[in-house]
Amino acid sequence: MQRVHRERVDVVARFGRDGSVEPVVVMRKDGRAFHIDEVLSCTSFCPEHDGRRTMVFDVRLGGRVTQMFLEHRQGKDGSLDKAVWWVRAFDRTLKNPDAC
């Protein structure tokens, strides 16, 4: 079995003169860094949901296709807006946690 969760990541991105955003390198919290070989597709920011708007990037990393997300969070109570990058991360779990 696998458990899926959001994992925040650091990203080096290229910002174009036309306002475009292109991720170049993604860095996991364990220190590993991966160069993005190709951005296959990108959505514009989706409509706001729960104070958040999200862009989805389909990217190729070392021959493997995955998704990265750029989430824009609206500031509440006068706080600053934030942009957060995240990926789906998978944890391995035991098939039967009682069996040891």
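How much space lies in the largest pocket? Work it out, then describe the lining.

*Solution.* Before anything else, note that this is a predicted model, where local features need pLDDT of at least 70, side-chain atom pairs count only at pLDDT 80 or more, and totals for chains, interfaces and linings use all residues. Residues are numbered from 1 along each chain as its sequence is written, and side-chain values use heavy atoms, with hydrogens and water left out.

Step 1. On a 1 Å grid over the protein atoms alone, a pocket is an open set of points where a 1.4 Å probe fits, with protein on both sides within 12 Å along at least five of seven lines; a lining residue has an atom within 4 Å of a point. Points are joined across faces, edges and corners, and the volume is the space filled by probe spheres set on them.

Step 2. Read off the volume: about 390 Å³.

Step 3. Look at the lining. It has 13 residues, and Arg 28, Leu 61, Arg 64, Thr 66 and Arg 88 lie nearest the centre of the pocket. Sorted by class, you get seven nonpolar, two polar and four charged residues. Here Ala, Val, Leu, Ile, Met, Phe, Trp, Tyr, Cys and Pro count as nonpolar, Asp, Glu, Lys and Arg as charged, and the others, Gly among them, as polar.

Step 4. Ask which strands contribute. Both β7 (64-73) and β8 (82-92) supply at least two lining residues each.

**Exercise 1: elements and confidence**

*Solution.* Step 1. Helices (H or I, at least four residues) and strands (E, at least two) are DSSP runs, numbered from the N terminus.

Step 1. Count them: zero helices and eight strands.

Step 2. Check pLDDT, the predictor's confidence in each residue from 0 to 100. The protein averages 86, with 89% of its residues at 70 or more.

**Exercise 2: following the pairing**

*Solution.* Step 1. Start with β5 (38-42). Four bridges join β5 to β6, and the two run antiparallel. Val 39 has Val 59 of β6 as its bridge partner.

Step 1. Move on to β6 (residues 52-61), which pairs with β7 over ten bridges, again in the antiparallel sense. Arg 60 is bridged to Val 65 in β7, and Leu 61 stands opposite Arg 64.

Step 2. Inspect the turn. The β6 and β7 hairpin has two residues between its strands, and Gly 62 there takes a positive phi near 55 degrees.

**Exercise 3: the core**

Which residues have the most contacts inside the largest nonpolar core?

*Solution.* Step 1. A nonpolar core is a set of buried Ala, Val, Leu, Ile, Met, Phe, Trp, Tyr and Cys residues joined through side-chain atoms within 4.5 Å. Buried means under 20% relative accessible area, exposed over 50%, and partly exposed in between (1.4 Å probe, protein chains only).

Step 1. The largest core has 13 residues, and Val 9, Val 11, Val 26, Phe 57, Val 59, Met 68 and Trp 85 have the most contacts inside it. β3 (21-27), β6, β7 and β8 each supply at least two residues of this core. The largest share, four residues, comes from β6.

**Exercise 4: buried or partly exposed?**

Classify Ile 36, Val 25, Val 12 and Asp 58.

*Solution.* Step 1. Ile 36, in the loop between β4 (33-35) and β5, is buried at a relative accessible area of 5%. Its C-alpha is 5.0 Å from that of Leu 61, 25 residues apart along the chain.

Step 1. Val 25, in strand β3, is buried too, at 18%. The C-alpha atoms of Val 25 and Val 11 are separated by 5.7 Å.

Step 2. Val 12, in strand β2, is partly exposed at 40%.

Step 3. Asp 58 sits in strand β6 and is partly exposed, at 23%. From Asp 58 to Glu 38 it's 8.7 Å, C-alpha to C-alpha.

Technical notes. Two strands pair if DSSP finds at least two bridges between them.
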